Each structure stands twice: as structure tokens, then as C-alpha cells.
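Keep the picture open while you read.

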Amino acid sequence: MLSRIKSGPVVVYGLLVLLAASMLFPFYWMAITSLKDKADVFSTEPKLLPGRQLAERVVDDPRWFFHSGTDNYSQLLAWQRLVESGRGPRGFSRFVLNTVFFALAITLGQVITSSLAAFAFARLRFPGRKQVFFAYLATLMIPATVTMIPSYILLRELGWVNTYQAVILPSVFTAYGTFMLRQFFLTIPREIEDAARIDGCSPLGLYWRIALPLSTPALAALSIVAFVGSWRTFMWPLIVSSTEDLFNLPLGLTLFRGMYTDPDWPLLMAGSMVMTLPLILVFIAGQRYFVEGIRLGAVKG
Amino acid sequence: MRSRALGIAALFLLPNLLGFLAFTLFPVVASFALSFCRWDPVAEPVSAIEPVGLLNYVDLVGFHSRTDPGGQTSWVANTPRFWESLYNTVFMMLAIPFNMAASLLLAVLLNRKMRGMAIFRSAFFLPSITAGVGTMLLWMWMFNKDMGSINQVLAWVGIQGPDWLQSYFWAKPALMLMASWAGIGGVNMILYLAGLQQIPRELHEAAALDGAGRWQQLRHVTVPMLLPVTFFIFIISIISGLEGGFDAPYVMTGGSFGTTTVSLYLYRQGFEFFRMGYASAVAWVLFLIVFLLTMINWRLAEKRVEY
């Protein structure tokens, strides 16, 4: 490869550091802005630095950081819109809880339904298997723009608009997850299955005691992809929820964004941090499964 | 025995299959039917859905002739706004080849046995994981005319930066820049990296023996060997470029300054103006374009990719 041609490691490292720095700079900018107060942003001091006030205050008294440095965050979490509502408070903390709930419910739902279906496609023999699986594959091509209007109408007719299930349900059934897990289940050696069957294991037992435990990397990959996707989902919740007590973080954050007036940027960046930081942590915790997920998913091409 | 096998399989399939029927199969059929109808979901019950034949499609992609006072006849689109949104969408897709080249270069840089490569890979990958409303608001702040970091950096070198998101000239490039940041180190880079690792060393060794330099190896060994991956990434990018692109303009510009994409146009027609039939027609025209492009790509690939 190119690496075998001697290009000075210094040059390569220099280039990589430069590129990584420019990719990561926005996160740094988000973090330091979220710790400033509104006046800092409008002051004339260099804005690419954490801010003189900020640095001096922390050096003076490290405890300050936890008292006042995180003002934007405490202000945000305390934010509530005073609307009479029978459904609990409509505040920022509600957006956080909703986001967590949506992400966990969708992830769990995807893992359960798609692993069950994938097991049937990979490990059970039944008439029509090929045809049904082909129908699944074909839907990988159907874009959300086509399905979203009738899905909305269906949920509306059920009287489910502005409910949690309206946000969650349509995202739970995934052809992608089914396909990915099927590929993985196919690699489980037949002998293991046969041995279990001779010991009297039922299909459900095979699924639960053999297929699932042997597929933890694939399940982890699907879970992480599903979690990240549902954590930041925006368009579908926007369509089916019009009351703020159902908003997730992406929807809730748009309430703080003034389109034509300048918003309170430090506050807004604190909000962006609250949405973004968990994704960064999930990524750090599960990176290798991510790469796995991409490779497994790409086989479909 | 057959029916028993079917029964067991049904138990496994049912949860997913029900969802598949309700939220994929039914919507596809219903959407197609609805695209030939007229219906306002707010004012009317479902029973008021009324067939209108091809009207939505004529409205959407049709042209009519218009004679101006001078007696000149010209053809005018029935809905210039749809064509405008299609233009905006395609314009922003012009970044695709550049993004792909950038992903490839990042992968080439990372594909060596040196310390710390995993850390750099993660750093490049991070934007694509976090991309969402949070990072869109972050970029709105970075693009801010007076206090944003981008114009601050430009000011150092003596350039007065524009008001990025409030300008017909700069709004599209601004969104493209953000999308590149979020995209080049993501899935595509990982796919290229996997592709690079599959190229047999011998090919490069043979090329080097024949006196090929670094650039020539990249051009005549690496790039041709990666053609299948490149082709896959290209198709996916085209599909997501045409179908996607809703969140960023919705959040960052509200679709003004020439940033209304087709998906944003569709959303507005369906969920803000409540023209469900018309919006469904938009979805099908878009799907048809995507489908035809994908078919053409496959045909071309059949000729080029095999070697």
C-alpha cells in the first residue's frame, strides 16, 4: 500500500493531526460556548479561546466551575414553558427523558422483532420463505418519503397522533436489522443446532439459547446503530407530535433557535451539548461494534 | 408437518411482519393510490378522499403555454417551486464526488501500520455519529455573521465573511460544507478502509517493480481495485442525496435562500398545506427519479466494474 512507500511519518502524522483538529474543532467550539455567559459572547475578547473570564475564574477558584460555570446547563434543565397541561411539565428535562425513552424503546423493539424474524429466515424451513424474504429485501429500497404520509394517516385514524406509540411504533420494524441479523445467524454452524435439537431443544429454545448468545457482536452492532439513529430522529417525531410534552431533544432544541433573531447562543450550545455528548459516549463505548455494523450492513450492496 | 412448520415460523415472523404490513406495505400501496387523489386531512374525514386522475402529476411536472401581451408564446412550468426544489437538491449533490474523494484520501492516510491510527479514525468518524439537530445548531452558530468561528478565522486573514445562512449565494455551500464535515469521515471512509485492506499487497509490489510511483499506484492500482466500493458508495450517496436533506434546511434556514430541498417541499405540501394527494405525488416522482438513476448506474456498472 501507500504506507510501504517511505513517506516521512512526521508528514503523515502532521497531516492527520491537522485533519483531526479541523474535524473536532466544532465540538470544542460548542463546549467552550456552552460554558460562557451571554455577555462573554458579545465581548471583544478573542472568541476562539475558552474566554479570559472563564479561564481566570477557574484558575482563581476551581469550585466556581461547578457553581456558576455550568449556569447554562442548570438554567436549561430548569426551563419550563408555563402552559396548563394535564400531561406533566413541558420542560427541557422532559425532552431529555423523552429522548432516552424513545431511544431505548425503539432499540429494544428493533432488536426483538428483527432478531425473531431473522431467526425464521435463517434457521427455519417453511413454505414461502424465499418470497417473504424477497419482499423484505425489496422494501430496503422504499424511501421514507413514500411511506410517511399513509403511516401518518393510519396513526391518525387510530387516534394515536400525539402519543408515544406514534413516535415509537413505525421505527420499530426494520428490514435492515432483519437482513443484518439474518446474515449473522446464517454463519452459526449447523452442528450446534443439530446437537441442541437432539437434546430436545425447541425452535424458541434454539433462538434464545443458541442464536442470540452466539450473535452478541451483531446484536450489539444493531443496538448501537438503532440507539444512535433514534436518539437523533427528527422528521418523524415532528410529523406526529404537536404538543411539547412529547418532544424529544432534537425537536425541543428547535424551540430555542430564533430564525430571525439571534438566540442565546451559550444556552443553545449547552442544549446541543446535552444532545450530542451522549452520542459521543455511546460511540466511544461501542466503536468496534459500529465498524462491525457497517461491514455487516454493507454486505447488502 | 408443513403447516406446523409454517405455524412456528409465523410466531417468529409475526411481530415484524405486522409492522412491515402496517408501516411499509400498506403505506406504499396507499401512497400510490393517494397520489391520484385529493384530500385535506384537517378539514375532511378519510371518506372524503376524492380521485382526481393525473391532476397531481400534471400539476407537479406539467407545463402550460402562456402568451404574453407581445404575442410571444412560451412554456411555463405549472409548479416552478417544485423544479426549484429539485434544482436546489441536485445542486447540493454536486458535493458528492468531492466528498467521496475526501473519504478515500482519509482512508488512504489511515491505512498504514502506525501508532494511533485508531484514534484518528475515531476522530474522523465522530462527526457522522453526532450529526443531528445539535450539530446543526452548532453550525448555525459557527456560520454566524459577526461572532461565528468561521468568520472570525476569515477575519484573521483579512477576509470579511458573508452572512452564510442568509444569502442566496452562500446558503447552499454552507449546508454542503456542514454535510461534508458530517459525512467524509463516516461510513464511506470505513468502507474505503475495508476495501483498501482487501487489496493484495502483491499488486502494489508488482507495480512498484514496474517503476510506478506513489501517485501512479494510487491511480492505476488502488482506484481501479476500489471501483466496486466506489460504485456502491456512489449509488447510496445519490439515493440519500435525493431522498434526504430535510433536517438541515428545516432547522437552519427554514428553506429560505434557495435551500428548500424536494423532501422539505414534500413535507410542507403534506403537513403544512395539508395537500396529502399532491405530496404523495411528489414522493412518487422523487422515487421514480431515484429508481431510474439507480437502474442506469447498475447498467453502467455491469459494463465497467467487472474486470
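This is a predicted model: local features need pLDDT of at least 70, side-chain atom pairs count only at pLDDT 80 or more; totals for chains, interfaces and linings use all residues.

Start with Phe274(B), which sits in the loop of chain B between α14 (262-272) and α15 (276-304).

## Another one in chain A

Asn162(A) is not a glycine, yet its phi is positive, at about 65°. You'll find Asn162(A) in a loop of chain A, with α8 (144-157) on one side and α9 (164-172) on the other. There are 16 other C-beta atoms within 10 Å of Asn162(A), so this residue is partly exposed.

## Chain B as a whole

Now zoom out. Chain B has 15 helices and 4 strands. Its radius of gyration is 25 Å, while the globule rule gives 19 Å for 307 residues, so chain B is more spread out than a compact globule. Along the principal axes, the C-alpha trace of chain B spans about 80 × 70 × 45 Å.

How many of the 307 residues of chain B count as buried? The share is 41%. As for contacts in chain B between residues at least 6 apart in sequence, 62% join residues at least 24 apart.

## Two domains in chain B

Chain B splits into domain 1 (2-61) and domain 2 (81-304), and the centres of these domains of chain B are 32 Å apart, taken over C-alpha atoms. Where they touch, domain 1 of chain B gives 16 residues and domain 2 of chain B gives 11 residues.

On the domain 1 side, the elements giving two or more residues are α1 (2-34), β1 (37-38) and α2 (55-61) of chain B. The largest share, 5 residues, comes from α2(B). By class, that side has 10 nonpolar, 3 polar and 3 charged residues.

## Where the chains meet

Finally, look at chains A and B together. Their contact takes 72 residues from chain A and 75 residues from chain B. Several helices of chain A give two or more residues to its side, including α1 (9-35), α6 (92-123) and α16 (265-298). Which element gives the largest share of the side of chain A that touches chain B? That is α16(A), with 14 residues. This side of chain A divides into 50 nonpolar, 14 polar and 8 charged residues.

Notes. Residues are numbered from 1 along each chain as its sequence is written. Chains are lettered from A and ligands numbered from 1 in the order in which they are written. A residue is buried if 20 or more other C-beta atoms lie within 10 Å of its own, exposed if 12 or fewer, and partly exposed in between; C-beta atoms are placed from the backbone. Two residues are in contact if their C-beta atoms, placed from the backbone, lie within 7 Å. Ala, Val, Leu, Ile, Met, Phe, Trp, Tyr, Cys and Pro count as nonpolar, Asp, Glu, Lys and Arg as charged, and the others, Gly among them, as polar. The radius of gyration is taken over C-alpha atoms; the globule rule is 2.2 Å times the number of residues to the power 0.38. Domain bounds come from an automatic or database domain assignment.
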